Every structure is written in structure tokens, then in C-alpha cells.
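Please look through the sequence and the model shown here. The paragraphs after them lead from the overall make-up to single residues.

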Amino acid sequence: MLSRHCVRYLARSRGGTWPFGLVVQARAFADAPREAQLPVSEEFKKAFKQVAPLLELPKFPSSFMKHRPPVPGTIPSKVTLNFVLPYDIMIEAKEVDMVIVPATTGQMGVLPGHVPTIAELKPGILSVHEGSEVTKYFVSSGFAFIHANSFADIIAVEASPLDHFDSEEVTKGLSEYTQKLNTASTELEKAEAQIGVEVHSALSLALSA
């Protein structure tokens with residue numbers, strides 16, 4: 001069943017029509033600029049009312065999102081950066097020269113024209129480069145979404161400017177979590193202590209660099 005749905009999805013991703021008349025137009029990243037839209041047909045609206053006559057037509061995620069600029073025909077000179085936390089916006093739509101993110105596969109530099117990528121983040125330093133200025137943030141974890149139009153969306157669970165940390169407190173925390181890891185008696189205690197050791201080790205390394 002699952003494989004059949006996957007095959008149908010892949011076939012439709014090459015261009016075609018979804019159920020109820022939702023038209024999908026596939027295009028390569030290098031195509032000419034064009035706004036990607038997914039219209040809701042009258043056929044879909046009628047079918048929805050037949051199934052749920054008392055409910056309002058649902059809104060799709062695209063209706064809550066700002067429209068992305070189309071993929072440019074030439075590589076832009078800047079990366080447009082969005083850097084957000086669950087409770088705060090650190091950077092919004094700011095044009096920068098380069099971003100370096102702490103991916104689980106290693107440090108990853110993002111320049112204009114970067115290949116579209118999704119990267120998981122590990123505890124480490126996020127560097128934002130603007131000319132000769134470099135702003136560093138420590139991030140705990142999250143994801144980086146690099147788009148074909150040279151937009152980069154960084155979503156972190158926790159983050160703070162690197163200069164907000166006290167090296168002595170970090171050293172103290174690392175020592176405490178290392179001791180907890182050595183004396184942990186349950187798998188939960190070991191997991192919590194291991195996370196603390198990894199985060200404080202990454203912080204200590206960043207502050208000593």
C-alpha cells in the first residue's frame with residue numbers, strides 16, 4: 001500500500017493533476033523565474049462540501065505564508081537569512097554574505113546560489129558574515145533549510161549570541177554533567193547527562209577558539 005502511494009506521488013511530482021483538480025506544475029530549479037502556486041479548484045470545493053457540509057473549507061499552509069521570491073535567473077550577490085526560535089525572531093529577511101551552520105555532518109557554509117539543502121543542526125556555532133563583520137550564535141539543535149532562491153531559514157530550539165556566555169560557568173557546567181554521566185544509574189540519567197556534556201563541550205570549544 002505504502003509503495004503504491006509513493007509511486008503515485010513520484011509520478012505526480014513530474015507534473016500532472018491531483019484528485020479533485022489540484023494542478024501540480026513541476027519545474028527544475030534552474031527554470032525561468034515563476035511563482036509556484038497551488039490553486040484550489042471548484043471541483044475540490046464541491047467534493048469537500050459533499051463530505052463535510054457543515055465545515056468551512058480548510059486553509060492550506062500557503063495561505064499563512066509570505067510568498068517567496070521566484071528562483072532568479074542569475075545567482076544573487078547575497079543570501080537572505082531568516083533565523084528563528086520557537087519564541088523569538090533573531091534575524092528576519094536580512095541580506096548577508098555567508099552563513100556557516102553547525103550541521104551534524106560538519107560545518108556547512110552557505111553562499112548565494114547554494115544547492116537546495118535540508119541540514120540537521122548539532123550544538124555549535126552559527127556564524128553570520130557581513131563584509132568584515134562576523135556575528136556568532138550558539139545553537140543547541142534545529143534545522144537549516146537552504147532554498148533555491150538563495151534564501152536560508154535557520155530554525156533552532158535554543159540559541160544565544162556567543163558573547164552572552166560566561167566561560168567559567170560553562171566550565172563548571174561541563175564538570176557537573178561529566179560527574180553526573182559517570183555516576184548515572186539509569187538510561188534516562190545517562191541520556192540527560194550525555195546531552196549536557198555535549199552541549200557544554202561544544203560551548204567550551206567555541207569560547208576558547
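A residue is called buried when its relative accessible area is under 20%, exposed when it is over 50%, and partly exposed in between, with a 1.4 Å probe and protein chains only. By that rule Ser-127, at 8% relative accessibility, counts as buried. This is a predicted model, in which local features need pLDDT of at least 70 and side-chain atom pairs count only at pLDDT 80 or more, while totals for chains, interfaces and linings use all residues. Residues are numbered from 1 along each chain as its sequence is written, and side-chain values use heavy atoms, with hydrogens and water left out.

The overall make-up comes first. The protein has four helices and twelve strands; helices (H or I, at least four residues) and strands (E, at least two) are DSSP runs, numbered from the N terminus. Of its 209 residues, 29% count as buried. A contact here means heavy atoms within 4.5 Å. Among contacts with a separation of 6 or more, 47% are between residues 24 or more positions apart.

Next come the nonpolar cores. A nonpolar core is a set of buried Ala, Val, Leu, Ile, Met, Phe, Trp, Tyr and Cys residues joined through side-chain atoms within 4.5 Å. The largest one has 23 residues, and those with the most contacts inside it are Leu-81, Phe-83, Val-99, Val-101, Met-108, Leu-126 and Ile-154. Strand 3, residues 79-85, gives the most to this core, with four residues. Leaving aside neighbours within four places in sequence, Val-99 is in contact with Leu-81, Met-108, Gly-109, Val-110, Leu-126 and Ser-127.

Ser-127, which Val-99 touches, is found in strand 8, residues 124-130. Beyond four places in sequence, the contacts of Ser-127 are Met-98, Val-99, Ile-100, Val-134, Thr-135 and Lys-136. The loop between strand 8 and strand 9 holds Ser-132. Is Ser-132 buried or exposed? Ser-132 is exposed, with a relative accessible area of 77%. The C-alpha atoms of Ser-132 and Asp-97 are 9.8 Å apart in space, and the two residues are 35 apart in sequence. Another serine, Ser-140, is in the loop between strand 9 (133-139) and strand 10 (142-146). Ser-140 is buried, at a relative accessible area of 18%. Not counting residues up to four places away in sequence, Ser-140 touches Lys-122, Pro-123, Val-157 and Glu-158.

Strand 4 is the next stop. Met-90 is found in this strand and, at 24% relative accessibility, counts as partly exposed. Which residues does Met-90 touch, not counting those up to four places away in sequence? They are Phe-83, Val-84, Leu-85, Tyr-137, Ala-159 and Pro-161.

Backbone angles give another view. Most residues other than glycine have a negative phi. Ala-93 has a positive phi of about 50° although it is not a glycine. Ser-150 likewise is not a glycine and has a positive phi, of about 65°. Ser-150 lies in the loop between strand 10 and strand 11 (151-156), and is buried, with a relative accessible area of 5%.

Helix 3 (residues 167-183) and helix 4 (residues 187-208) pack at an angle of about 150°, with their axes 8 Å apart. That makes helix 3 roughly antiparallel to helix 4, a term for angles over 145 degrees. Axes are lines fitted to C-alpha atoms, for helices over the stretch in contact, and angles run from 0 to 180 degrees between N-to-C directions. On the helix 3 side the contact includes Ser-167, Val-170, Gly-173 and Leu-174, and on the helix 4 side Lys-190, Glu-192, Ala-193 and Leu-207 are among the residues involved. Ile-195 is found in helix 4 and counts as exposed, at 53% relative accessibility. Its C-alpha atom is separated by 9.6 Å from that of Leu-181, 14 residues apart along the chain.

Conventions: Parallel < 35°, antiparallel > 145°, perpendicular 65-115°, else oblique.
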